[in-house]
Amino acid sequence: MVRIAIIQLNFIRRRLSENEICGNCQSRLFTAGSAKPLSELVADNRLETRISSIQQPSNWFWEFWEYRGLLYFLMWRDITIRYRQTVFGVAWNFIRPFMTIVVFSFIFGTLAKLPSEGVPYPIIVFAGVLPWQFFSNAISAAGESILGNTHLVSKVFFPRAIIPISSILVGIFDSFVSLLALSVLFVYYRFLPSGNLIFLPVFIALLSLLTVGFGLFFAALNARFRDFRHVLPFLIQFGILATPVGYSSASVPAAYKSVYLLNPLVGIIDGFRWAVCGSPFTSIESLAFSLLFGLVVFLLGVWFFRKIEASFADII
């Protein structure tokens, strides 16, 4: 807000110098706490000092809540644009995970013959693909969101975090649609889901917390350093191999378990499989680590985004 106020001040200075503001209008332009007209304050540069002392609202979350209508609008705008003029529409949320399930089931289930703990292997894979697909797609969209909305960022004031978070909400919508495909697999394989399914929203919330933290961090980093937009796809490609998407954590050799459990998605995806398939947790400590890591990443992501967002209008 401070930069926007300074820009407006410079514009008013130019207008005053060109005599485009009439004398009567100048007499009505006053600043808060001052009886002097704006032209006199501009002349002695005291207005700029007052504006520069204005701080951004301290309650960032309350300000975010006040702009929730814009959040919903941007979310539905992205959903509409994504599926407009497509042949299959939202059916792509069934097609993409299905293709991934076929490939991973053939590689890890048929060729490698990894254990599935008595659960049909495509269901094991789907329980891993669903959270990973949401996480990877959401942080990719959030990372590009600020640069993709420069017309809003540079002209209109609102909490900038609304842009990447709206992209993440689109990913949540896609994931809920993809959940319907899971019910089709249950019927096809005549598999009865675990009673732990009632705890699935807990793991969705934990995954969302981690995703928002990374999304805010990558959105700010990508706006500040454009080279990072080429690094993020590589990190995602590497992450799918280090995350139990096409295989279960029980298949990881014990020698690599300590390093493997440092991946915060391990505990979350194991939680998804426990809720959907009834598969046992490889390590309760991994879930606790995922929770702690998610909280830290969320707080750091908010802090870093808040630190960088004031300069978005200048650097994008």
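These questions and answers walk through a predicted model of one protein chain.

Visitor: How many helices and how many strands does the protein chain have?
Guide: The model is predicted. Buried residues make up 45% of the 316 residues in the chain. Its secondary structure comes to 16 helices and 0 strands.

Visitor: Which element gives the largest share of the largest nonpolar core?
Guide: This core has 71 residues, and Ile123, Phe135, Ile146, Phe305 and Phe312 touch the most other members. The elements giving two or more residues to the core are H6, H7, H8, H10, H11, H12, H14 and H15. The largest share is 14 residues, and it comes from H8.

Visitor: Which residues does Ile123 contact, leaving aside its neighbours within four places in sequence?
Guide: Ile123 is one of the core residues that touch the most other members. With those sequence neighbours set aside, Ile123 is in contact with Leu182, Leu185, Phe186, Tyr189, Phe191 and Cys277.

Visitor: How far apart are the end C-alpha atoms of H12?
Guide: Helix H12 covers residues 228-242, which is 15 residues. At 1.5 Å a residue, H12 should therefore span 21 Å. The model agrees, with the end C-alpha atoms of H12 at a separation of 21 Å.

Visitor: Within what arc do the buried residues of H12 fall, seen down its axis?
Guide: The buried residues of H12 are Phe228, Leu232, Ile236 and Gly239. They line one face of the helix, because seen down the axis of H12 they fall within an arc of 90°.

Visitor: What covers the buried residues of H12, and which residues on its other side are exposed?
Guide: The cover over the buried residues includes helix H8 (121-145) and helix H11 (200-224). On the other side of H12, the exposed residues are His230, Phe234, Gln237, Phe238 and Leu241.

Visitor: At what angle do H10 and H11 pack?
Guide: The crossing of H10 and H11 is right-handed. From H10, the contact is made by Pro164, Ile165, Ile168, Ile172 and Phe176, and the H11 residues in it include Ile204, Ser208 and Gly215. The axes are 9 Å apart, and the angle is about 145°.

Visitor: What residue follows H10?
Guide: H10 has 28 residues and reaches 41 Å from its first C-alpha to its last, close to the 40 Å expected at 1.5 Å a residue. After H10 comes a residue whose phi is positive, near 50°, and that residue is Arg190.

Visitor: Does Asn196 count as buried or exposed?
Guide: Asn196 lies in the loop between H10 and H11. Leaving aside neighbours within four places in sequence, Asn196 is in contact with Trp274, Ala275 and Gly278. Buried means under 20% relative accessible area. Asn196 has 19% relative accessibility, so Asn196 counts as buried.

Visitor: What does Leu197 count as, by its relative accessibility?
Guide: Leu197 is also found in the loop between H10 and H11. Not counting residues up to four places away in sequence, Leu197 touches Ala275 and Val276. The relative accessibility of Leu197 is 34%, so Leu197 counts as partly exposed.

Notes
Residues numbered from 1 in each chain as written. Predicted model: local features only at pLDDT ≥ 70, side-chain atom pairs only at ≥ 80, totals over all residues. Heavy atoms only, no water. Helix = DSSP H or I, 4+ residues; strand = E, 2+ residues; numbered from the N terminus. Expected span 1.5 Å × (residues − 1). Buried < 20%, exposed > 50% of the residue type's maximum accessible area, 1.4 Å probe, protein only. Arc of directions from axis to C-beta. Contact = heavy atoms within 4.5 Å. Core = buried A, V, L, I, M, F, W, Y, C linked by side-chain atoms within 4.5 Å. Axes fitted to C-alpha atoms, helices over the stretch in contact; angles between N-to-C directions. Left-handed = near helix turned anticlockwise from the far one by under 90°.
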